[in-house]
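Look at the structure below before reading on. The text then goes through it part by part.

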Amino acid sequence: MLSTRFTEAFGIEHPIVQGGMMWVGRAELAAAVSEAGGLGMITALTQPTPADLVQEIERARSLTDKPFGVNLTILPSINPPPYDEYRRAIVDAGVTIVETAGSSPEPHMEMFRDHGIKVIHKCTSVRHALKAERVGVTAVSIDGFECAGHPGEDDVPGLVLIPATADRLSIPFIASGGFGDGRGLAAALVLGADGINMGSRFMCTVESPVAQAVKERIVEATELDTNLIFRSLRNTARVAKNAVSDEVVEILANGGEFADVRELVAGARGRTVFEQGDLDAGIWTVGLVQGLIHDIPTVDELVRRIVEEAERVLQVKTLLTV
Ligand SMILES: Cc1cc2nc3c(=O)[nH]c(=O)nc-3n(C[C@H](O)[C@H](O)[C@H](O)COP(=O)(O)O)c2cc1C
């Protein structure tokens, strides 16, 4: 049993979390992760309206009795979604765990605290982790440069970011970005984290609601097959390398602005990739860890495998040192 401060704080069996994933974090995946003893997360903004989010939460409840959470990602946007209404829906639906990401959780803390909701704030720097601790989150998810999605602009990989966080933070925290197997979980624990958060690895499972072609591409791809887009806009995102992300990188490297790539990066095009399996239809998110992903297991099999491997690795290390 890998019991940690994190598993105790959130009432889960294994220190493994499935982070929010746009278009992927739906009820079936979140519930499967929670059923397997981890902590699954529904992604609020994947649902077109707050009312749809409430239905999705109900759907997850019909699939598992175990705790699961909802991810609320608040990023700068030209046409922002009604964040306050999504937050209200989360509270009214009786959700008890929220993963915040994208900006400071501070504006939401009062409401979440008043309703007994435990917040995991995902961020990419020690300074942001400390700020989240100050405003009262229960735990932090620290996302290294390896991660899928938004790694921030500091470019600090997990091997330094995790122990640097352990040195400064008092509350429990999980390590995120680049995790996909038991060696990773063992390493995270050894580096001082209380568990791991995974995105890409869970996207490549039987229960993940994305097209089979996407999963097969992840299995086939290596750690070299991602692109960092929006670097010049200081809004970096790590995405799959394909014809579209190559073009975006080239346009921006040649002095282009957001307006020049807006159509290429449209969310609707990324959604088409996941729904129809057309890998060059748009931008889609995945991390470096795809170089360590070689199969498409069920979530239960994956979680079990990761825990068993981590226990085995940690035992061997312990035997070596005594
Ligand atoms: C397809 C996909 C979509 C994602 N969308 C979001 C999102 O909407 N909000 C968020 O906070 N993180 C998002 N992430 C990031 C994950 O929650 C997690 O932090 C990241 O995947 C960790 O890195 P890993 O892929 O190496 O495990 C996404 C990741 C993937 C793979």
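Helices (H or I, at least four residues) and strands (E, at least two) are DSSP runs, numbered from the N terminus. Residues are numbered from 1 along each chain as its sequence is written. The model is predicted, and local features need pLDDT of at least 70, side-chain atom pairs count only at pLDDT 80 or more, while totals for chains, interfaces and linings use all residues.

Start with the domains, whose bounds come from an automatic or database domain assignment. This assignment gives domain 1 (5-207) and domain 2 (212-288). Taken over C-alpha atoms, the centres of domain 1 and domain 2 are separated by 23 Å. The contact takes 15 residues from domain 1 and 14 residues from domain 2; two residues are in contact if their C-beta atoms, placed from the backbone, lie within 7 Å. On the side of domain 1 that touches domain 2 there are 7 nonpolar, 6 polar and 2 charged residues. In these classes, Ala, Val, Leu, Ile, Met, Phe, Trp, Tyr, Cys and Pro count as nonpolar, Asp, Glu, Lys and Arg as charged, and the others, Gly among them, as polar.

A residue is near a molecule or strand if its C-beta atom, placed from the backbone, lies within 6 Å of it. There are 29 residues around the ligand, and Gly 19, Ala 101, Gly 199, Ser 200 and Gly 287 come nearest. Strand E3 (68-73), strand E8 (196-198) and helix H9 (200-203) are the elements that give two or more residues to this shell. Which element gives the most to the shell around the ligand? It is H9, with 3 residues. By class, the shell has 11 nonpolar, 14 polar and 4 charged residues. Domain 1 (5-207) and domain 2 (212-288) each supply at least three residues to the shell around the ligand.

Now turn to the helix pairs. Two packed helices are described by the angle between their axes and the distance between the axes. Axes are lines fitted to C-alpha atoms, for helices over the stretch in contact, and angles run from 0 to 180 degrees between N-to-C directions.

Helix H2 (residues 27-35) packs with helix H3 (residues 50-63) at an angle of about 40°, and their axes are 9 Å apart. That makes H2 oblique to H3, where angles under 35 degrees count as roughly parallel, over 145 as roughly antiparallel, 65 to 115 as roughly perpendicular and the rest as oblique. The crossing in which H2 passes H3 is right-handed; a crossing is left-handed if the near helix is turned anticlockwise from the far one by less than a right angle, and right-handed if clockwise. Ala 27, Glu 28, Ala 30 and Ala 31 in H2 meet Glu 56, Arg 59, Ala 60 and Leu 63 in H3. This contact has 5 nonpolar, no polar and 3 charged residues.

H3 also packs with helix H4 (residues 83-92), at an angle of about 30° and with the axes 9 Å apart. That makes H3 roughly parallel to H4. Pro 50, Leu 53 and Val 54 of H3 make the contact with Glu 85, Tyr 86, Arg 88 and Ala 89 of H4.
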